[in-house]
Amino acid sequence: MPSRRSDFSRLAPVYDGLRQATAEWWEVFDLIVRAGELRGQRVLDIGCGTGRVAAALAERELCKVWAVDREPAMVERARAQLPRGAQARVAEAEALPFKDAWFDRALMRLVVQHLEREPAFAEARRVLAPGGRLVVATFDHDHFAAHWLGEYFPTIPVADRARFPTAPQLEHELGVAGFPTIELVRIEQQGERERGQALEQLRGRHISTFDFVPEEEYAAGLARAERELPDRFPVRMHWLVAVAGL
């Protein structure tokens, strides 16, 4: 797999429109809040993207939220939608610009595949106070075999298996970072996608893994999807949530 960063400056203007907050999105959000006991806490959202999760934490869960992302275009979007009192800034997960033990909780949702995980987990531990928790929400490896995109773009599941940690890898890496307790929670979701929505996502290359798909494969896969996708089809999602405690 190519060792390069995904281009989120391209995705920032269209990200929320292509990846809407569905019932499945809120189900994962609620799981993250419960598992990490985030409600009412001082939370650092690492790799915040457009700030959707950070805004929901501040507005629905009464959290004091700081959000960071290394892509300036994403941070600009986050600042536009965060409520008063929540803050967003450009920063690398591997070098967080905060004091030791500053937060009660830290969150990484669908971001670990983009990070140098060893220093990023160590930094998250550093900024957490005693008794703090880091919540990592990512895709379980079962997700890549089941996801509909692999049928049309075979590079996607190959690339993502290389980018995303397995459950044992994630547990090991969090332990090496100094978290003494680690709990893993899995959730499987069965949803449905409409043809028009799916094609809009494909044309917008809605996930960062498209950066690793060769242009010829992308063009062929899109053409095939335009021919073959039914009006509605099932979509399965396999999530892995790790709660690492101090």
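Analyst: Let's start with a definition: two strands count as paired if DSSP finds at least two bridges between them. Please keep in mind that this is a predicted model.

User: Thanks! How many bridges join strand β5 to strand β7, and which way do the two run?

Analyst: In general, the strands of a sheet pair through backbone hydrogen bonds, either parallel or antiparallel. Here β5 (residues 128-139) and β7 (residues 232-245) run antiparallel, with seven bridges between them. You can find one example by looking for Val136, whose bridge partner in β7 is Ala242.

User: What is the order of the strands in the whole sheet?

Analyst: The open sheet has seven strands, ordered β3-β2-β1-β4-β5-β7-β6, and its pairing is mixed. β3 (87-90) and β6 (181-194) are the edge strands; each has a single partner, so one side of each has no neighbour in the sheet. From one strand to the next, the twist averages 20°.

User: Which strands does helix α3 lie across?

Analyst: Helix α3 lies across β4 (103-109), β5, β6 and β7, and runs at about 170° to β6. Helix α10 (residues 167-176) also packs on the sheet, where α10 touches β5, β6 and β7; its direction makes about 140° with that of β6.

User: Now the inside. Which residues have the most contacts within the largest nonpolar core?

Analyst: The general idea is that in soluble globular proteins, nonpolar side chains tend to be buried together. In this model the largest nonpolar core has 53 residues, and Leu57, Trp148, Phe153, Leu202 and Phe210 have the most contacts inside it. Helix α3 (residues 23-36) gives the largest share of this core, seven residues. Another core, of 29 residues, lies apart from that one and includes Leu44 and Leu96.

User: How do I read the angle at which α11 and α12 cross?

Analyst: The axes of α11 (residues 195-203) and α12 (residues 215-228) come within 11 Å and cross at roughly 170°. Angles over 145 degrees count as roughly antiparallel, which means α11 is roughly antiparallel to α12. Arg195, Leu199, Leu202 and Arg203 in α11 meet Tyr218, Leu222, Ala225 and Glu226 in α12. By class, that contact has five nonpolar, no polar and three charged residues.

Technical notes
Residues numbered from 1 in each chain as written. Predicted model: local features only at pLDDT ≥ 70, side-chain atom pairs only at ≥ 80, totals over all residues. Heavy atoms only, no water. Core = buried A, V, L, I, M, F, W, Y, C linked by side-chain atoms within 4.5 Å. Buried < 20%, exposed > 50% of the residue type's maximum accessible area, 1.4 Å probe, protein only. Helix = DSSP H or I, 4+ residues; strand = E, 2+ residues; numbered from the N terminus. Axes fitted to C-alpha atoms, helices over the stretch in contact; angles between N-to-C directions. Parallel < 35°, antiparallel > 145°, perpendicular 65-115°, else oblique. Contact = heavy atoms within 4.5 Å. Nonpolar A, V, L, I, M, F, W, Y, C, P; charged D, E, K, R; others polar.
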